[in-house]
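This report describes a single protein chain from its computed geometry. The sequence and structure are shown first.

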Amino acid sequence: MVARKLRLSVLASGRGSNFVAIQQAIAEGRLDAVITQVISNNADAPALEKALSFGIKAISVSPKSYPDRAAYEKQIVEYLKAENTELVVLAGYMRLVGETLLQAYPNQVVNIHPALLPSFPGLHAQRQAVEYGVKYSGCTVHFVDGGMDTGPVIGQTAVPVYADDDEDTLSDRILEQEHRLYARCLQWIAEGRVTVEGHRVKIEGEREIR
Ligand code: GRF
């Protein structure tokens with residue numbers, strides 16, 4: 001029997017390595033999903049080129065072409081609906097998501113953040129962790145709500161922070177784990193095992209701490 005494939009749309013602003021990792025997980029049969037399109041707020045995002053190289057539709061939507069965030073997001077929602085998107089996957093999408101998108105896709109927008117939330121939300125999370133001097137940091141996949149990296153946590157992976165780490169070395173160590181964690185969390189969602197109760201996410205059958 002062919003597994004039903006969860007229909008994803010990816011929103012990315014930059015390099016797109018998480019997008020590529022998700023696409024690889026699909027190609028390797030670790031994720032029962034299909035990436036229907038990559039949408040970027042940045043026409044020069046390498047993520048768009050990478051999408052095209054996989055034969056995936058690449059769309060750029062410049063916020064500057066719209067009077068406000070609601071109008072910009074309304075356009076994005078149209079692209080999402082046109083592809084019957086079931087889950088919106090933020091992968092290095094460098095804009096706060098507003099009400100227009102969240103109301104169209106309640107608990108259907110996910111993000112990855114390069115820190116163990118609720119520590120170090122916002123920009124330069126890896127630099128914040130190095131400067132603070134924590135001994136462990138990591139990455140978090142979470143549902144997106146109206147706040148900055150505040151939504152319910154789906155999965156996390158910790159990595160050690162070494163005394164001689166700088167932002168770059170820590171970022172590399174975390175990124176390797178981001179690529180694994182994102183595909184794993186998306187597969188939980190694809191399997192229909194994820195429910196949100198208040199601010200807590202339940203993963204059916206998942207007892208281990210990850
Ligand atoms: C990642 O570190 C992700 O956690 C953060 O932005 C970065 C995007 O990297 N939200 P990439 O574009 O997926 O390579």
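The sections below cover the overall fold, the backbone, the salt bridges and a charged surface patch.

## Basis of the model

The model is predicted, and local features require pLDDT of at least 70, side-chain atom pairs count only at pLDDT 80 or more, and totals for chains, interfaces and linings use all residues. Residues are numbered from 1 along each chain as its sequence is written, and side-chain values use heavy atoms, with hydrogens and water left out.

## Overall architecture

The protein chain contains six helices and nine strands; helices (H or I, at least four residues) and strands (E, at least two) are DSSP runs numbered from the N terminus. With a radius of gyration of 17 Å, close to the 17 Å that the globule rule gives for 210 residues, the chain is as compact as a globular protein of that length. The radius is taken over C-alpha atoms, and the rule is 2.2 Å times the number of residues to the power 0.38.

The C-alpha trace spans about 50 × 45 × 35 Å along its principal axes. Of the 210 residues, 48% count as buried, where buried means under 20% relative accessible area, exposed over 50%, and partly exposed in between (1.4 Å probe, protein chains only).

## Backbone features

The peptide bond from leucine 117 to proline 118 is cis, with omega near 15 degrees. Proline 118 belongs to the loop between strand 5 (109-113) and helix 5 (125-132). Histidine 124 is located in the loop between strand 5 and helix 5. Although not a glycine, histidine 124 has a positive phi of about 55 degrees, and its relative accessible area of 41% makes it partly exposed.

Asparagine 107, also not a glycine, has a positive phi of about 50 degrees. This asparagine is found in the loop between helix 4 (99-104) and strand 5, and is partly exposed at 43% relative accessible area.

## Salt bridges

The whole structure holds 10 salt bridges, each defined as a side-chain nitrogen of Lys or Arg within 4 Å of a carboxyl oxygen of Asp or Glu. One of them joins glutamate 83 to lysine 57, with the closest N and O atoms 2.7 Å apart. Because glutamate 83 lies in the loop between helix 3 (69-82) and strand 4 (87-90) and lysine 57 in strand 3 (residues 57-60), the pair ties together parts that are 26 residues apart in sequence. Glutamate 83 is buried, at 17% relative accessible area, whereas lysine 57 is partly exposed at 40%. Salt bridges link Arg7, Lys57 and Glu83 in a network.

Arginine 193 and glutamate 191 form another salt bridge (2.6 Å, N to O); glutamate 191 is partly exposed, with 40% relative accessibility. Between lysine 202 and glutamate 197, the closest N and O atoms of the salt bridge are 3.8 Å apart. Glutamate 197 is partly exposed at 44% relative accessible area.

## A negative surface patch

Asp164, Asp166, Asp168 and Asp172 form a negative surface patch. Patch residues have over 30% relative accessible area and no salt bridge, and like charges are joined within 9 Å. Aspartate 166 is situated in the loop between strand 7 (153-160) and helix 6 (167-190). The relative accessible area of aspartate 166 is 37%, so this residue counts as partly exposed.

Notes
Patches are made of residues with over 30% relative accessible area and no salt bridge: like charges are joined within 9 Å, nonpolar side chains (Val, Leu, Ile, Met, Phe, Trp, Tyr) within 5 Å. Accessible areas come from the Shrake-Rupley method with a 1.4 Å probe; for residues, only the protein chains shown count as cover. Lys and Arg count as positive and Asp and Glu as negative; His and the chain ends are not counted. The place of a charge is taken as NZ of Lys, CZ of Arg, CG of Asp or CD of Glu.
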